[in-house]
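Hello,

Here is the structure I promised you. Please open it and keep it on screen while you read my notes.

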Amino acid sequence: MTGDIAQRAALIAAIDQAIAGKWDDAHEACQSMEGEKTADWLHAVLHKIEGDEPNSRYWYRRSGQNYESWSDAQEELRAIRAVLTY
């Protein structure tokens with residue numbers, strides 16, 4: 001989980017964009033934070049939503065999360081958001 005307040009806020013905004021269906025905006029935001037585990041997790045979910053399973057699995061591995069853990073992408077997005085807003 002990110003410790004930087006500005007980065008955390010940017011990730012929350014990206015999740016809100018994803019929940020609102022603004023895939024491209026959310027994708028651009030998480031790409032800009034590549035290497036940060038929570039951003040990589042968001043990136044994985046976005047590719048799952050897109051239907052790009054191989055790319056999604058790649059980002060899940062980078063994030064330390066598991067592709068099979070969530071069957072509902074919207075629920076997973078809300079869970080990531082909850083992690084960031086504890």
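**Salt bridges and a helix pair**

Arg57 and Glu53 sit 4 residues apart in helix H4, so about one helical turn separates them. (Helices are DSSP runs of H or I with at least four residues, strands are E runs with at least two, and both are numbered from the N terminus.) The side chains of Arg57 and Glu53 form a salt bridge, at 2.8 Å from N to O. That term means a side-chain nitrogen of Lys or Arg within 4 Å of a carboxyl oxygen of Asp or Glu. Arg57 is partly exposed, at 26% relative accessible area. Glu53 is also partly exposed, at 35%. (Buried is under 20%, exposed is over 50%, and partly exposed lies in between, with a 1.4 Å probe and protein chains only.)

Before going on, a note on the source. This is a predicted model, where local features need pLDDT of at least 70, side-chain atom pairs count only at pLDDT 80 or more, and totals for chains, interfaces and linings use all residues. Residues are numbered from 1 along each chain as its sequence is written, and side-chain values use heavy atoms, leaving out hydrogens and water.

How many salt bridges are there by this rule? The count is 6.

- Arg62 and Asp40 meet at 3.9 Å, N to O. Arg62 is in helix H4 and Asp40 in helix H3, 22 residues apart. Arg62 is partly exposed, at 27%. Asp40 is buried, at 1%.
- Glu76 and Lys48 meet at 3.5 Å, N to O. Glu76 is in helix H5 (residues 73-84) and Lys48 in helix H3, 28 residues apart. Glu76 is buried, at 0%. Lys48 counts as buried too, at 16%.

Now the helix pair. The axes of H3 (residues 37-50) and H4 (residues 53-63) come within 8 Å and cross at roughly 160°. Therefore H3 runs roughly antiparallel to H4. (Over 145 degrees is roughly antiparallel, under 35 roughly parallel, 65 to 115 roughly perpendicular, and the rest oblique. Axes are lines fitted to C-alpha atoms, for helices over the stretch in contact, with angles from 0 to 180 degrees between N-to-C directions.)

Which residues make the contact, meaning heavy atoms within 4.5 Å? On H3, they include Asp40, Trp41 and Lys48. On H4, they include Trp59, Tyr60 and Arg62.

Best wishes

Definitions and conventions:
Contact means heavy atoms within 4.5 Å.
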